[in-house]
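Notes follow in the order I checked things.

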Amino acid sequence: MAQGDRTIYRLLGPLEVGHEGEQAIVRPGRQEIVLCVLLLNANRVVSIDRLIDAVWDTDPPATARTQVQICVSALRANLGRIGLPASIVTKPPGYLMRVADGELDAQVFGAHVAGADDAVRAGDPAEAAGLLAAALALWRGPALAGLRSPVLRSIAVQFDERRLSATETRFDLELRLGRHRQLVDELSELVDANPLRERLRALLMLALYRSGRQADALDVYRTGRALLIDQLGLEPGDELRALEATILAGGADPAPDGRGPARTPEVSSLSQLPADTEDITGRDDLIAEIERVLRAGTRVVVLTGKPGVGKSTLAVHVAHLLRAAFPDGQLYRDLGGARSTPASPLEALGRFLRAVGVPGEAVPDDLDERAELYRQVLATRRTLVVLDDVADEGQLRPLLPGTGDSAVLVTSRARLAGLPGALRFDVDVLGAEHALELLAKVVGEERITAEPDAAHALFRLVGGLPLAMRIVAARLAARPHWSLAWMLERLSDERRRLDELTHGDLMVRASLAMTYDGLDPEARRLLRLLSVFDGASFPGWFAAAVLDIDYYAAFDLLELLVDAQMLEIAGLDPGGGPRYKFHNLIRLFARERLDAEESDADWLAAVTRVTGGWLAIVDEAHRRIYGGDFTVLHGDAPRLPPPRSYVDGVLADDPFRWLDAEHANLCAAVELAATSGLAEACWDLACTLVTAFEARCLFDDWARTHEQALAAVRAAGLRRGEAALLCSLGSLHLSRARPYEVAEEYLLPALTTFTALGDRHGAALALRDLGLLDRGYQDGDRAGGLFSRALDGFQEVGDLIGQAHVLGELAKIDIDTGLIERAEQRLTVAVRIAGSAANHRVTTQLRFRMSELMISQGRYTEARAVLTELVGKVRAAGDIAGESRIQHRLGRVHAKLGELDAAEQAMLTAAALRERAMEHSGRAEILLELAGVLAEHGRSARAAELLTTAMVSFTDHDLTDPLRRATTLLAGLGV
């Protein structure tokens, strides 16, 4: 490695370290892994625990910490031999690797790609293409090639995906520059190496088409279609189909604007946008310009202006106008920059990834990993992302797409000057003409005509701010007997407020105070107390709980606040009732009045009542899902249920639908209960919400709510609540397949406390999870003993689902040890118990286990019937992981019955579902297994095709053992 006098660290290929022309010797194995992890986190402290996880994954030896320290010492010595003695620095709780700018190829790659993004935004595709070519020239093979660490393999896969994405973008840019003839050969090689990569195939088709080779372009499409159908059972995507249709029609260039392959004009059903506002006044020119630049390819547009000037309304309106221009959908998130706790980019990315189809279990935990996956998903889409009320650049940057044709529309009070390439629009106050037009729309043209001088004076008084103008108009509309002059006189009486109207945010406060003062005293109190709650919107029963009044009387007060534009209608509940929301500025104003006019006891009582309402509905949702109060612990916090008609309405069709809709409010309620000292209600609500967290793989929210509740119960000395939360956190770590020791650290103290308190139900839950832990340790005897003790506890307290679950686990141990008759008896009882509770999810899980027992007995026809039925159930529930497991097993059963075509279809479907869940190596393993089945039945040619595809994945992910098995099988086929 001749590098002159430079220091070079290389990860984009085999690991290499060089300095002044000399190459360091790094021993394979632990030293390589430790050095790679340090380099991947260059200039950041990496804990010893993280290094241990990278080297040994879930099974570190007792001497792991010592061995890591030895590795680091050896690395320092090896680096010192080439003049780099101080590169690795000890910094608690671990080590830091010093790397200067330009020394690490992965960082240089990222900088070049980011520079290319900026060049594209600036309208310089040639510069962008050159930067990407330089970035791609850094690669020497698959990232981190040869390293044997599950942690690093996952990271390497992400790097390789970034490489391929950058390659696609470079070709896209080169095509825009008219270099289609020069790209055909290189694109052909890449398509051959990545035959299922539809974006590459589309680029090759376009290059051929623009080179006058229409027939070749169509042949590329047909070959790709055959591969997709044969290997995945899927038709090509919209982009390939639209391109083929254009070529067949002999039409003009599929992308006459030079922006790459045309997309289907069909608008995606994915739209998270709030409702549009049609009566926007005085913004026609601004709307037209924002719409024009986004259609023309501007990547980031920022709307800035004073609070209350209408930025959010404007952004949503423009986004609705552009739905057809962004056919892959519109993502929307209010980031709460004006709130005391803005939304985190980690949480926003989790919502976006799930919205675009990434399964919950495939959403990474780390912010950087989520951002990378988000950019990968959007790289081949044309999606509009609306980010409302952004606090600063740090909150925004992880949410920006990378390459591709997606765009971002941002609103913020801040200027966000640190965003290179962004196009900014200042949203100003309304001029006199448009402000009076807005006033006339609300109060009627005749009243403006009758008092033109007073109307102009009102405009001047509120400074043309749309929010303030709308509030004044609403008061006049609600009081037709008031003249405009009388409204002007009321405003003019507030001399101090008139002065404040010229000082930024204060002008809004003055206008809000005028409206507030005109409200009914009970409506004012409702507004104050509602401001305690931070959710984006809230249901009507909130008001009844806040004031402890009749349900319908509360709705009347809410409508008064809506009429006064102090609240807005935010949409409908799942049950059809209206929802309400605050404008951020009005919420802040209402909180000021809360501090001035309400006692701590009053607002705490309101929080207690609302929390009691949430508890009551969540309890009912859990009961409807589980068939009763099963596998959950409750505390003594009061329940204050909304009217039965409301609860039945929102939970009628699907309790999960309501849990999904209220997810943000429920998590916020846990936090508010924790900070308000309502520890009993806090832990109870957090534990009951696990129903939703577990089913939807919302692991971040599970952890966050439980950590908040745990701090609250410990401060309050609630031992049972602490044990319940610890037990639930243990379940979380089992669900995430984290190192078993982590789950054990929660479950053992939980069991100790439950036992000391005599809580049989809690102890049974902890014993069940400890049994799952020991089964993971492959200790069936110990696991069986724990499950049996848990079963006794569940029977004692009457927890039917708990009984069914542990019976299923005991049956699994029996199957594994050959006790088939006992396993069948236990499963039969378990299915009957779960059925009596009408718990469809657990029943499905148990019947899947029953199919395993049938297979062990050779009852393949019965197993096929069971699995075929279960496929429909999990598909209807949207359970991708469950369907993949069932389809995989169904394929095996079809093979046992000699039904090869059906076996192939089922296993290809399972492989495609693994691919959707980002489990690329899992997909390849299924293809390898299917190839073996087909080879046994003489279908050698088809087996060879599947093996070739699987081997590419095994090679890319450095999976030596399955690659060896695939190579051996392929060699024996003789094709």
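I started with Arg 579, which counts as buried because its relative accessibility is 7%, and buried means under 20%. Keep in mind that I am reading a predicted model.

What does Arg 579 pair with? I found a salt bridge to Asp 573, with the closest N and O atoms 2.5 Å apart. Asp 573 and Arg 579 are both buried. Arg 579 also meets the side chain of Glu 662 in a salt bridge, 2.5 Å from N to O. That pair ties distant parts of the chain together: Arg 579 sits in strand 14 (residues 578-581), while Glu 662 is in the loop between helix 29 (655-661) and helix 30 (663-675), 83 residues apart. I checked the cover on Glu 662 too: its relative accessibility is 0%, so it counts as buried.

**Another salt bridge, and a network**

Next I looked at Glu 925 and Arg 965, whose side chains meet in a salt bridge at 3.5 Å, N to O. Here Glu 925 belongs to helix 44 (residues 920-936) and Arg 965 to helix 46 (residues 960-971), 40 residues apart. I have Glu 925 down as partly exposed at 32% relative accessibility, and Arg 965 as partly exposed at 35%. I also noted a network in which salt bridges with shared partners join Glu 620, Arg 623, Arg 624, Asp 629, Arg 644 and Asp 648. My total for salt bridges is 56.

**Negative patch**

Which residues form the negative surface patch? I listed Asp 284, Asp 285, Glu 433, Glu 437, Glu 445 and Glu 446. Helix 11 (284-295), helix 16 (432-443) and helix 17 (445-450) each give two or more residues to the patch.

**Hairpin**

Strand 5 (residues 88-91) and strand 6 (residues 94-97) run antiparallel, joined by four bridges. They make a hairpin with two residues between them. I see Ile 88 opposite Met 97 of strand 6.

Most residues other than glycine have a negative phi, and I went looking for exceptions. Thr 631 has a positive phi of about 50 degrees, and I placed it in the loop between helix 27 (600-626) and helix 28 (644-651). Gln 778 has a positive phi of about 65 degrees. I found Gln 778 in the loop between helix 36 (760-776) and helix 37 (780-797), exposed at a relative accessible area of 70%.

Methods. Residues numbered from 1 in each chain as written. Predicted model: local features only at pLDDT ≥ 70, side-chain atom pairs only at ≥ 80, totals over all residues. Heavy atoms only, no water. Patch = residues over 30% accessible without salt bridge, like charges linked within 9 Å, V, L, I, M, F, W, Y side chains within 5 Å. Areas by Shrake-Rupley, 256 points an atom, 1.4 Å probe, with all protein chains shown as cover. Salt bridge = Lys/Arg side-chain N within 4 Å of Asp/Glu carboxyl O. Lys, Arg positive; Asp, Glu negative; His and termini not counted. Charge placed at Lys NZ, Arg CZ, Asp CG, Glu CD. Pairing = 2+ DSSP bridges. Buried < 20%, exposed > 50% of the residue type's maximum accessible area, 1.4 Å probe, protein only.
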